[in-house]
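Work through these exercises on fold, core and pocket. Each task is followed by its solution.

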Amino acid sequence: MRHLRWLLVAVTLCVTACADDGTPVATDDDGDTTTPTAAVYTTTATVLEGPDHGPQLCLAGVAESYPPQCSGPDIVGWDWSALEAESASGTTWGDFTVVGTWDGDTFTLTEAPTDAVYDDTATTDDLATPCDEPADGWRVVDAATATDEGQQAAVAYAQAQPDFAGLWVDQSINPSSDELGLNDPTKLVLNVRFTGDLDRHETALRSRFGGALCVSEAERTEAELRTIQAEVFASVDALSASTDIVRGVVEIGVVVVDPSVQAELDETHGPGVVELVGALRPISEQP
């Protein structure tokens, strides 16, 4: 699928105009050749230079060794002399926010790198409970089974069902900020999803767990999402893959999001089922 797609893209571009070497060129309304402005991207990641390679952008994670290890695209224009970094055993590394262009193989700096600025917008709302809160609030309904054992029994039941679509705990009702006070089965909402027969599943879960419980419906089982995840990961140039059972989507990490690939995935699996997430985020792009 990947090779066919790139072939079609190249043919489409060259119908309009191509240089002698087959490279697509842009023209204005008068037919004159113009130089398109390259898209500019940014990301925050580890940059690492090792004994066997120059500075590289670690987009697919970093091995937790000392010194660390990673692989990624080469960076053009990198200069360690003006940056704070660590060095050990011939390896130099650090976390930075970078801005530059991407040609499909190499990242070229267009601005000086800065200290890393990470996105800290993720909150506990990501694990929010979709059910309406009961009139008397989220509370224990049976103290005898609002226990770790009861919770584990409920989880085991849910995961054994063929229409199981995922589960998570919402601890927003827990007033404790102490790590030791978290995961208290009397101060959390156990969220479980199935693709159908919710009343039967809720009855079965309630017989096992006496804490706060939310049973909600999903479009696809967790097994179906995992299958889609494996298929897509094998068919695109992916950096990572994960399944978000709260939203019911598969997230595929790529270097740069290709809208044509996203459109193919939407057509194959349904709109919004697979989300491409670019490690490089566009700042500006030539129309």
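Contact means heavy atoms within 4.5 Å. The model is predicted, with local features requiring pLDDT of at least 70 and side-chain atom pairs pLDDT 80 or more, while totals for chains, interfaces and linings use all residues. Numbering starts from 1 along each chain as its sequence is written, and side-chain values use heavy atoms, without hydrogens and water.

**Exercise 1.** Describe the contacts between residues at least 6 apart in sequence.

Solution. Of these contacts, 53% join residues at least 24 apart. The protein has 5 helices and 16 strands (DSSP runs: H or I, at least four residues; E, at least two; numbered from the N terminus).

**Exercise 2.** Find the largest nonpolar core and its contributors.

Solution. Take buried Ala, Val, Leu, Ile, Met, Phe, Trp, Tyr and Cys residues joined through side-chain atoms within 4.5 Å. Buried means under 20% relative accessible area with a 1.4 Å probe, protein chains only.
- The largest core has 17 residues; Leu-57, Trp-78 and Phe-107 have the most contacts inside it.
- Strand 3 (40-50), strand 7 (91-102) and strand 8 (106-109) each supply at least two core residues.
- Strand 3 gives the largest share, 3 residues.

Now follow Phe-107. Beyond its neighbours within four places in sequence, its contacts include Tyr-41, Leu-57, Trp-102 and Leu-280.

A second, separate core has 13 residues, among them Tyr-157 and Phe-194.

**Exercise 3.** Which element gives the most to the lining of the second largest pocket?

Solution. Strand 14 does, with 4 residues. Thr-43, Thr-44, Leu-59, Gly-278 and Ala-279 lie nearest the centre of this pocket, among 22 lining residues. A pocket is an open set of points on a 1 Å grid over the protein atoms alone, where a 1.4 Å probe fits, with protein on both sides within 12 Å along at least five of seven lines; lining residues have an atom within 4 Å of a point.

Technical notes. Buried means under 20% relative accessible area, exposed over 50%, partly exposed in between (1.4 Å probe, protein chains only).
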